[in-house]
Amino acid sequence: MPVPGRRSVLWLAAVGGLAFLLAGLSVADMYLPRPFDGVVLEADAPGRLVVRQVVPDSGAARAGIRPGDRILGVDREVLRSAGQAASLLNRHRIGDVVPYLVDGAGGLREVQVELGRRRIGGSAYLYVAVLGFAFFFVGVFVFSRQPELPAARVFFLMSALFLLFLVCRLRPASYSWVDTFVLTTGTAALLLLPATFLYFFLLFPDPVWEWRRDPLARAAGWMARRGLLVPVLYLVPPLVYAATVGLARRGRIPLQLISGAPAPNWWVMAGYMVLGLGALAAAGFRHPQPEQRRGALLVFVGTLLGVAPFLAAAVAAPALLRTERFLYWGVVPLILVPLTFAYAIVRFQLLRIRVILRRSLLYSATTILLTVLYAAGIVSFSSFFSGTAFAASPWFPIVFALVIVLLFEPLRNLLREPLERFFFAERAQLERTLGELGEAFATATDLEAVVRSLVERLPEQLHVAFAALYLPRDGSLARAAGPATLPREVRLPPALEEHVRRRGRVVELAQLRPLRALSVEVEAAVAPLEAAGVQVLGLLASTRGVVGLALLGARTRGAPFEPEDLRLLRNLLGQAAMGLETSLLLEERMRRVELERDLAIAASIQSQLLPAAVTLGPGWEVAAVCRPAREVGGDFYAELPCGRRDRRALVWGDVSGKSVPGALLMMAAHEVLHALALVEPDPQRLLELANRRLYGLARRQFVAVGYLAPVGGPGRLRYVLAGQPPPVLRRRDGRVEELPLPPHRVPLGAMRGGGYRSLDVTLEPGDLLVVHSDGLVEARSADGEELGWVRLREMVASGPGRPEEMVEHLVRGLEAFTGGAAPYDDVTIAVVGRGGGSGCDG
Amino acid sequence: MRRVTVTVVVVGVLAAVAAVVTLRGGREWSLRSSGALAAWEAALEAEQKLYVLEERKALERVLELEPGYPPAMVRLAALLRGSDPDRARRLLEGARSVDLGRLRPRERFIVELWRAILDEDLERASEVIDRYAGRLPDDPMVLTARARRAWALGRYGEAEELYRRLVEVEPNLVIAYNQLGYLAMTRGEFAEAERRLVAYRFIAPDQANPHDSLGELYALTGRYDEARRELEAAVAVRPDFCAAYAHLVVVELLAGDAEAALAAAGRMERVASCPESYRRGMACLARWVLLAGEGRWEEVWSGRQACLRTERVTALQVLAQEAALQLGLDTDALRLETEAAFRIAPERGPVALGRDPRLAVVEWMRARRQRWEGRSAEAERLLASADARLGYAGSEIGVLKLQIRLERVRDLGLLGREEEAGALLEEVAAVNPPLARRFRETGRGPLL
């Protein structure tokens with residue numbers, strides 16, 4: 001469907017605004033405190049100042065001025081125009097007595113008229129004005145909702161012209177230029193109204209040439225395609241008017257006007273009305289869609305019943321019979337026109353409006369009911385209290401009105417449900433269904449169920465081609481459900497997310513055009529969606545952020561999304577977001593429980609991997625401890641075979657990463673070292689091979705390992721360090737030194753190549769060698785201070801002489817330093833002392 | 001945006017220029033002082049309403065504020081021509097020395113026209129009117145001048161057309177209503193006359209003339225109370241308004257109350273500003289009708305020297321002739337008739353409104369003599385001729401016509417032409433029902 005030009009929409013809005021302004025000014029002008037004689041002039045006798053009506057008990061009435069009289073002079077001046085009379089009267093004040101020269105049945109006479117307060121226009125005019133404004137607002141509503149529909153635009157124009165005609169043309173005119181101006185405006189509206197009427201019914205509910213094949217429809221289609229239809233329809237009435245007036249002036253023929261328009265124009269109008277009603281009747285009987293047919297038929301009947309009495313009693317009778325006795329009865333049925341339009345639009349969704357005027361309808365119905373109650377109450381109470389002072393009291397109607405005002409709100413609430421059931425059954429059903437769905441979402445715990453419901457039930461309820469749901473994954477939104485034609489992933493640029501949030505989290509893609517033009521990122525994100533047929537984008541967001549993205553395809557009935565639909569969708573997605581968040585939290589919680597269980601198992605396995613006691617062989621005493629930072633640590637120590645059956649090697653490791661991944665790597669490293677140690681006693685080769693193996697197993701993870709084993713000479717130990725800190729040696733005399741670091745000491749698995757070198761150290765009896773992981777020196781106090789090498793050396797220096805006691809001493813020292821807090825990192829400590837025996841290679 | 005701004009500016013400038021040109025071009029008078037302009041407009045309004053004194057005062061004010069303003073000078077000269085001829089001459093001389101080129105067309109027209117009128121050069125005045133009629137065909141002043149000229153020349157049809165146009169162009173120009181009212185009254189179209197005169201009275205109720213005109217109309221049509229009220233209103237507005245007193249006399253004569261007529265004539269006699277001949281004429285008429293009614297013809301005849309001292313030919317001649325006939329003075333009666341005929345013979349000029357009452361009076365006198373001599377058929381022929389010569393042009397002439405018609409009714413009856421007599425009486429009744437009723441009852445007309 002082509003998008004209407006912004007300019008044409010603005011023009012129409014300007015015309016409507018102007019019409020509203022004129023009508024408002026016209027009504028307001030009537031209540032200005034201006035000296036008024038009580039004369040209402042005949043609108044169809046411009047310049048002749050013929051009295052159409054005399055307001056009862058006015059100055060004119062008291063002076064004996066009667067309908068049909070002509071006002072020839074005012075205030076000692078013979079009049080040339082009504083404007084002159086207005087300016088003469090405006091020189092006076094209310095209460096002044098002004099001479100009038102009146103020509104009537106009794107001949108020319110002079111009368112004295114006392115000027116009173118301006119009050120013209122009876123209840124019939126008030127009703128007409130209210131009706132005009134009501135119709136206008138229906139037009140405004142339709143136009144604001146569907147500005148792109150030609151029929152809606154013409155309908156709006158028609159309602160504006162209708163307003164002008166009713167308020168301006170039927171206005172009780174006096175002398176002021178405002179009256180002349182307003183009446184002329186009303187006449188112009190009257191001339192153009194049938195053209196608009198005909199044009200509207202040619203387009204309504206669908207252009208007649210699109211579904212009919214008769215010659216008239218074809219001719220209209222032919223003209224419409226060439227852009228001739230509108231000019232021809234709208235130019236004929238003013239041209240006929242100009243020609244009639246011109247010929248009458250030339251031939252000096254008095255021009256008979258009926259409601260401001262000459263008779264030939266009424267023939268044109270009648271022709272237009274017949275054609276328009278014919279088109280409407282054709283739509284009512286022959287339109288291919290039953291819904292549209294019923295709506296058109298209803299509008300046809302309403303228009304016929306509303307317009308026919310109006311033309312007869314409110315236009316023809318005053319103009320031809322010079323009586324306004326039937327005016328009211330002509331005007332009352334006119335309400336059928338806007339009412340049937342409104343009802344047809346609501347009930348049959350004509351003009352593709354799904355929701356309309358619910359509130360105004362409700363208020364109108366309440367107001368009408370209360371007005372009836374008020375009138376009936378006033379009448380019955382007046383008759384009941386007739387003759388009493390109470391009935392005559394001015395307070396009586398005021399008190400009664402107050403009672404009615406107090407009744408208004410409860411009564412409105414009482415009326416709401418039946419009215420909604422009557423007018424909005426489908427809408428109510430939809431709201432109910434979506435409400436139930438929303439509630440189900442809000443309490444859902446099964447993520448899959450939420451996703452499935454959303455994607456399966458939304459298309460069914462909202463009549464859309466498809467729905468899809470995307471859920472967050474690795475920083476983007478991945479399609480969880482929906483057609484495969486949609487992109488697998490969607491990335492929402494921050495600008496788009498912010499825009500969608502600001503617009504209430506649900507937007508039509510068409511509304512994103514300005515943003516797309518401004519942002520390349522947004523364009524890149526939205527273009528594929530548009531290509532896939534997405535029309536609406538809805539963000540599922542919670543306090544934690546975006547928890548999902550819903551995409552909707554086009555409406556299956558070709559209708560656009562109503563704001564009311566989007567509102568319902570917004571509510572639904574809000575509830576779905578809550579459901580999604582709940583489901584995600586629950587899933588996360590489940591995962592955590594599972595993880596905790598896995599961790600417990602892993603810790604159990606890990607603890608079984610650590611040997612209860614470690615030995616290097618005869619003559620050696622070894623004590624070791626491993627304190628993981630979490631349930632499952634990354635540190636370990638173990639005995640390895642080292643080539644001789646009576647000797648063992650000690651390895652201590654520290655895996656990068658903690659928790660289960662760290663534990664898994666630790667176990668892998670543990671197994672690899674064990675397996676390789678069975679065949680490779682040389683520590684350099686051993687670590688070389690283990691490095692290769694672990695490098696292949698764990699990318700971006702590595703294991704710091706230390707290796708210590710006795711070698712040939714007494715008290716001689718060989719050590720290799722792969723990422724572990726240097727061991728600390730305490731001589732028997734109390735000296736403490738750190739062992740030298742080998743030149744290549746990269747942790748296992750960190751680099752492909754090896755090149756580990758071993759170093760030897762000889763322990764004298766009484767010496768203690770402390771090996772440890774970096775968790776010991778990097779342990780932090782409550783103030784965040786590291787333990788450090790200096791403190792470690794002091795702790796080692798002050799420690800007891802036996803390995804087990806030294807381990808305990810160091811553990812206590814560590815705990816004292818950290819204040820009993822959970823360790824920052826895993827800590828492994830092993831202390832080796834001399835007992836006697838030979839080395840591994842020996 | 002820029003194009004819109006330029007368009008708005010251009011349109012605004014054009015509108016301002018158009019407004020300035022229109023306002024400047026629309027100025028009718030070249031007076032510079034606003035006070036003088038207001039005084040001049042007041043003078044014009046007074047002229048429209050025939051308020052001579054106010055007009056004179058306003059013109060003096062104009063010349064005080066802008067001495068040498070030619071239109072004011074010539075108008076004031078015209079007003080002062082009778083009362084202060086020297087000043088009128090000086091004003092006229094002053095107006096002659098002015099360069100007309102700096103004046104606007106209407107001003108030039110006024111100056112040229114009144115210079116010609118004051119010079120009594122009617123041909124030049126007529127030429128000026130024609131010249132400006134071509135240039136300013138719908139100008140109220142030009143139309144007024146043309147209508148007045150047509151009236152003065154007895155071209156009443158043309159005058160009526162021009163006055164009608166004048167009412168369309170300037171609906172508040174009172175003289176047009178007055179003239180149109182009298183034209184309609186003359187034709188016997190009393191309803192139309194009343195419309196015009198009521199409109200006249202509506203515009204200028206503070207002027208005596210509309211009340212007087214309406215009083216005449218009501219008198220002719222038998223609405224005597226209204227006539228008295230209007231005429232009293234006229235003299236209330238302007239106690240020196242002679243015509244209203246005279247018309248009060250006529251009202252009473254038509255009403256058949258000669259004594260009241262005499263009293264009204266007595267009021268008129270006390271108005272010093274009224275011409276003496278007019279006062280005497282109306283007083284004589286009232287007294288003679290009273291005497292005639294009582295058959296006191298000797299007294300009528302004895303008063304003839306005083307009452308017939310006028311050059312005018314009026315009903316007084318008829319009453320005097322009747323007295324002579326009643327007293328058997330046939331020769332005197334014939335002499336009176338002949339004198340009247342001779343008196344009108346040398347008169348020239350256009351036929352007055354209401355045809356020619358003088359000829360009608362002469363024919364009436366002849367008719368009465370013929371009847372007296374027994375030649376009723378001849379008398380009826382002469383009366384019919386006199387009747388045809390007269391219209392209802394005001395109450396003074398209208399009363400003659402009504403009297404003549406009633407005499408015809410009597411004569412037709414005597415001739416046995418009852419049907420014609422009845423029809424004629426019905427016609428009189430259509431004009432003045434009380435008069436016809438009284439005639440049926442008493443056989444008397446308003447005078448005889």
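Predicted model: local features only at pLDDT ≥ 70, side-chain atom pairs only at ≥ 80, totals over all residues.
Over all chains, the count comes to 72 salt bridges.

- The buried residues of helix 9 of chain B are B:Tyr156, B:Ala159, B:Glu160, B:Leu162, B:Tyr163, B:Leu166, B:Val167 and B:Val169.
- Covering for these buried residues comes from elements of chain B that include helix 8 (140-152), helix 10 (174-186) and helix 11.
- Within helix 10 of chain B lies B:Asn178.
- B:Asn178 has a relative accessible area of 6% and is therefore buried, the cut-off being under 20%.
- Apart from its neighbours within four places in sequence, B:Asn178 is in contact with B:Leu197, B:Tyr200, B:Asn209 and B:Ser213.

**The interface between chain B and chain A**

- The size of an interface is often given as the accessible area lost when the parts come together.
- About 1,100 Å² is buried between chain B and chain A, and carbon and sulfur atoms give 58% of this area.
- On the side of chain B, the residues that lose the most area to chain A are B:Asn172, B:Arg195 and B:Phe202, which together account for 55% of what that side buries.
- There are 2 salt bridges between chain B and chain A.
- B:Glu170 forms a salt bridge with A:Arg80, with the closest N and O atoms 3.6 Å apart.

**Salt bridges within chain A**

- Side chains of opposite charge can pair when their charged atoms come close.
- A:Arg502 and A:Glu498 form a salt bridge in which the closest N and O atoms are 3.6 Å apart.
- Both A:Arg502 and A:Glu498 lie in helix 19 of chain A (residues 494-502), where they are 4 residues apart, about one turn of the helix.
- An α-helix has 3.6 residues a turn, so residues three or four places apart point the same way.
- A:Arg502 is exposed, with a relative accessible area of 61%, whereas A:Glu498 is partly exposed at 41%.
- The side chains of A:Arg791 and A:Glu785 meet in a salt bridge of 2.8 Å, N to O.
- A:Arg791 is partly exposed, with a relative accessible area of 29%, and A:Glu785 is also partly exposed, at 41%.

**Salt bridges within chain B**

- A salt bridge of 2.6 Å, N to O, joins the side chains of B:Asp411 and B:Arg371.
- B:Asp411 lies in helix 23 (residues 395-414) and B:Arg371 in helix 21 (residues 357-372) of chain B, so this pair ties together parts that are 40 residues apart in sequence.
- B:Asp411 is buried, with a relative accessible area of 0%, and B:Arg371 counts as buried at 18%.
- Salt bridges that share partners join B:Glu380, B:Asp387, B:Lys401, B:Arg405, B:Arg408 and B:Glu427 into one network.

**Selected loop residues**

- A:Arg745 is found in the loop of chain A between strand 23 (736-738) and strand 24 (758-762).
- With a relative accessible area of 37%, A:Arg745 is partly exposed.
- A:Arg745 and A:Gln724 are 21 residues apart in sequence, while their C-alpha atoms are 7.8 Å apart in space.
- Leaving aside neighbours within four places in sequence, A:Arg745 is in contact with A:Leu721, A:Ala722, A:Gly723 and A:Tyr756.
- A:Arg76 is a residue other than glycine with a positive phi, near 70°.
- The loop that holds A:Arg76 runs between strand 4 (70-74) and strand 5 (77-78) of chain A, and A:Arg76 counts as partly exposed at 24% relative accessibility.
- B:Glu120 has a positive phi of about 55°, although B:Glu120 is not a glycine.
- B:Glu120 lies in the loop between helix 6 (105-118) and helix 7 (122-135) of chain B, and counts as exposed at 65% relative accessibility.

Technical notes:
Residues numbered from 1 in each chain as written. Chains lettered and ligands numbered in written order. Heavy atoms only, no water. Buried area = accessible area lost by both parts, 1.4 Å probe. Salt bridge = Lys/Arg side-chain N within 4 Å of Asp/Glu carboxyl O. Buried < 20%, exposed > 50% of the residue type's maximum accessible area, 1.4 Å probe, protein only. Helix = DSSP H or I, 4+ residues; strand = E, 2+ residues; numbered from the N terminus. Contact = heavy atoms within 4.5 Å.
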